[in-house]
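Student: I'd like to learn how to read a protein structure, feature by feature. Can we work through one together?

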Amino acid sequence: MRKTISRYLQYLAGERDASDYTLKSYREDLTALLEYLQQIHGKIPQPAEVSIPDLRSYVAAMHEAEYSSATISRRLASMRSFFRFAQRDGAVDVNPAKVLRNPRAGRKLPHFLTTEEMDRLLAAPPVDTDMGLRDRAILEVMYSGGLRVSELVGLSDDDLDFDEGVLIIRGKGKKERLALLGSYAAEALRDWLAVRVLSPKLRKNQPIPVFTNKFGTRITTRSIGRMLEKYLKETGLDRRTSPHTLRHSFATHLLDRGADIRSVQELLGHKSLETTQIYTHLTTANLLKIYEKAHPRAH
C-alpha cells in the first residue's frame, strides 16, 4: 500500500504537474486512510485487500469524529483518485471507492472584506521601509488580480506586463490566464521592484521571483499568511481574514458594482460558472442588508 501511494504521488508530480500544496494534501489524506486501515486490519493491507465496507467504515468514523463535510468530501476524492490509479497500475481489480458518495452539505458563504475594510488593510503596511513596500505591493496585487496566494508566490518577472496592465498567472496543470493589474497595484509593484534585492544564491537562467523574503529568495505562502496576521492585528480587522479573503473580496466587489458574472469567472480562472455563482449569494446578502437598513417598511 505504501509503495502504491508513493508511485501515485510520483505520478501526480511528474505526469499531472500537481503543485506542492496538492501533493501535500493527497499525502495527508492517504496517510490518514492508511493509519485507519492499519488499525482495523492489524497491519498495513495490500491495496487489493481494501474492501468497500472498509472504506464505508472509514467514512462513518470521520462522521462520528465530526469532521466537516468539506474535509470528508476531499478525502473521498483523494481515495477515488488513488484507487483509480491503483486499478490502472494493476494493484487492484476494481476501485472500491467508486461507489462512495460525498456527504450533502449547504455551501458556506465565504468571508470577505468591505471596500472600507480593504482600504484600511491596504493602507496598513508602512511605505518608509523596503519590507513595508513589499507587503503593500503583495496586498495590492492580490486584491487587484483576485489571485490565489500560491499564484502570487509563483509570480516571476517574466509574468509582468506593465504596458498592458496584466499579469500572466500560471496555475495548476500548466494552465495560464491573465489577471489585471490596476493603477494602484502597478504603482505599489513598481515601488517594491525599485528596492528589491535578489539573493546571489538564485540560480542563473531561472525565473526571477517578483516577491522575495528578507534573504532575497522567493517568498513562501506561510510568510504571506504571517504578514497578513500582523496587519490584521494592527488594523483590528476580522481575524478570520486569510490571503484567500482578498480573492473573495475581489469577486464580491466586482459583482456588487455590476460586473458580468462570466467576466468574473474568467478573471478568477474558474472552470465552472457554478463555482463563481457563490459570490452572487454574497452580493444578494449585501443587498438585503442595505434594503433592511434603508427601506422604511423593510421590517
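Student: Let's start with a single residue. Is Lys 175 buried, partly exposed or exposed?

Tutor: Keep in mind that this is a predicted model. Residues with under 20% relative accessible area are called buried, those over 50% exposed, and the rest partly exposed. Lys 175 has a relative accessible area of 48%, so it is partly exposed. You'll find Lys 175 in the loop between β2 (166–170) and β3 (176–180).

Student: Which patch does Lys 175 belong to on the surface?

Tutor: A patch of positive charge, where Lys 175 gathers with Arg 16, Arg 84, Arg 88 and Lys 271.

Student: And how many charged side chains does the protein chain have?

Tutor: There are 47 positive and 37 negative side chains in the protein chain. The centres of these two sets lie 5 Å apart.

Student: Let's zoom out. What does the protein chain look like overall, in helices and strands?

Tutor: Its secondary structure comes to 13 helices and three strands. Along the principal axes, the C-alpha trace spans about 65 × 60 × 35 Å. The protein chain exposes about 17,700 Å², and carbon and sulfur atoms supply 50% of that.

Student: How much of the protein chain is buried?

Tutor: Of its 299 residues, 43% are buried. Take the contacts between residues at least 6 apart in sequence: 58% of them join residues at least 24 apart.

Student: Which residues is Thr 212 in contact with?

Tutor: Skip the neighbours within four places in sequence, and Thr 212 is in contact with Arg 134, Trp 192, Arg 196, Val 197, Leu 198, Thr 217, Arg 218 and Ile 219. Remember Arg 196, as we'll meet it again.

Student: What about salt bridges? What's the general idea?

Tutor: Side chains of opposite charge can pair when their charged atoms come close. A search of the whole structure finds 13 salt bridges.

Student: Which residue forms a salt bridge with Arg 196?

Tutor: Asp 157 does, and the closest N and O atoms are 2.9 Å apart. This pair links distant parts of the chain, since Arg 196 is in the loop between α8 and α9, while Asp 157 is in the loop between α7 (149–153) and β1 (160–161), 39 residues apart. With 17% relative accessibility, Arg 196 counts as buried, whereas Asp 157, at 25%, counts as partly exposed.

Student: Now Lys 43. Which residue is its salt-bridge partner?

Tutor: Glu 49, with the closest N and O atoms 3.6 Å apart. Lys 43 is partly exposed at a relative accessible area of 43%, and Glu 49 counts as partly exposed at 35%.

Student: How far apart are the closest N and O atoms of Arg 222 and Glu 229?

Tutor: They are 3.9 Å apart in that salt bridge. The relative accessibility of Arg 222 is 45%, so this residue counts as partly exposed. Glu 229 is partly exposed as well, with a relative accessible area of 41%. Salt bridges can also share partners: in this way Asp 29, Arg 74 and Arg 75 are joined into one network.

Notes
Residues are numbered from 1 along each chain as its sequence is written. This is a predicted model: local features need pLDDT of at least 70, side-chain atom pairs count only at pLDDT 80 or more; totals for chains, interfaces and linings use all residues. Side-chain values use heavy atoms; hydrogens and water are left out. Patches are made of residues with over 30% relative accessible area and no salt bridge: like charges are joined within 9 Å, nonpolar side chains (Val, Leu, Ile, Met, Phe, Trp, Tyr) within 5 Å. Accessible areas come from the Shrake-Rupley method with a 1.4 Å probe; for residues, only the protein chains shown count as cover. A salt bridge is a side-chain nitrogen of Lys or Arg within 4 Å of a carboxyl oxygen of Asp or Glu. Lys and Arg count as positive and Asp and Glu as negative; His and the chain ends are not counted. The place of a charge is taken as NZ of Lys, CZ of Arg, CG of Asp or CD of Glu. Helices (H or I, at least four residues) and strands (E, at least two) are DSSP runs, numbered from the N terminus. Buried means under 20% relative accessible area, exposed over 50%, partly exposed in between (1.4 Å probe, protein chains only). Contact means heavy atoms within 4.5 Å.
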